[in-house]
Amino acid sequence: MDIWFSESHTPDVKLSLRVTKQLFSEISDYQSVEVLETPEFGRVLVLDGNIMLTERDEFIYDEMITHVPMAVHPSIKNVLVIGVGDGGVVKELTRYEQIESIDMVELDEVVVRACRNYLPENACRLDDERVHITYGNPLKFIRKCENKYDLIIVDSNDPFGPSEGLFTKEFYGNCYNALKDDGIMVNQQGSPFYQEDAVAMQQSHKRIAGTFPISRVYQAHIPTYAAGYWTFGFASKKYHPIDDLDAEQWNSKHLRTRYYTTRLHKGAFYLPAFLEELLEEVESK
């Protein structure tokens, strides 16, 4: 008997994956957490019915949200990671010897436990001595921080349910205060393709642009995310994501990547006309 998992992208669009086995399923205090085995995308982490990552394409997301700011800021030592605690972003960060400390704040301990057991390739660096995991509300955590981090990565779910508070103007203001004078914040901005997603992305960008002096959006192709088209936000107190890119310095590290390159870095910020119009629409208000 065929078993399929379907994620609704709109009332009229679904992404369906054939499932060979349900490896993990638990309802935590915050959400339902599942790990599924699929023949095409390998193991899949699903939260409240939404795909968070798959073994097949997670490298795209993790590389683009991590290496873009790391190639711009010349001296990142202290990092804060907020959001889904699968460990993929932490894994990419620990490849940099210059980083001294990585604070990871995850609301739901069940997610981390599931990923340690069933997605070990992602969670393999959570025990690095530089990594400090805090379980709890990231909004309360960030309010207590000031002038502490060189980089904040907001690796959140979509702006609904448990992660809704990570897309507010108050939250972005707290991130601004938690960053040092030359700090960078990057976050996932969702897909701009379907109407509801596009509106959420616009709202998030407007709030960030109203908080940081430098705010840009960049893009990546991620097959299992809505429309296969995803955006990220780059916000900084000082550094411009293209003008301050130090490609020579980053390439000298000889980090092997499967998606990110410094050539792609530049191109990711050149957006299609419809997306430029969406962003200009809220920037002018």
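This is a predicted model: local features need pLDDT of at least 70, side-chain atom pairs count only at pLDDT 80 or more; totals for chains, interfaces and linings use all residues.
Local features were considered at pLDDT of at least 70 and side-chain atom pairs only at pLDDT 80 or more, whereas totals for chains, interfaces and linings use all residues. Residues are numbered from 1 along each chain as its sequence is written, and side-chain values use heavy atoms, with hydrogens and water left out.

Two residues with positive phi lie in loops. D48, which is not a glycine, has a phi near 50°. Its position falls in the loop between β5 (42–47) and β6 (50–54); strands are DSSP runs of E with at least two residues, helices are runs of H or I with at least four residues, and both are numbered from the N terminus. D48 is partly exposed because its relative accessibility is 41%, the category between buried (under 20% relative accessible area) and exposed (over 50%), as computed with a 1.4 Å probe on protein chains only. N147, also a residue other than glycine, shows a positive phi of about 50°. N147 is located in the loop between α5 (138–143) and β10 (149–155). With a relative accessible area of 44%, N147 is likewise classed as partly exposed.

K91, by contrast, belongs to a helix, α2 (residues 88–93). Its relative accessibility is 18%, and K91 therefore counts as buried. The C-alpha atoms of K91 and R116 are 13 Å apart, with the two residues separated by 25 residues along the chain.
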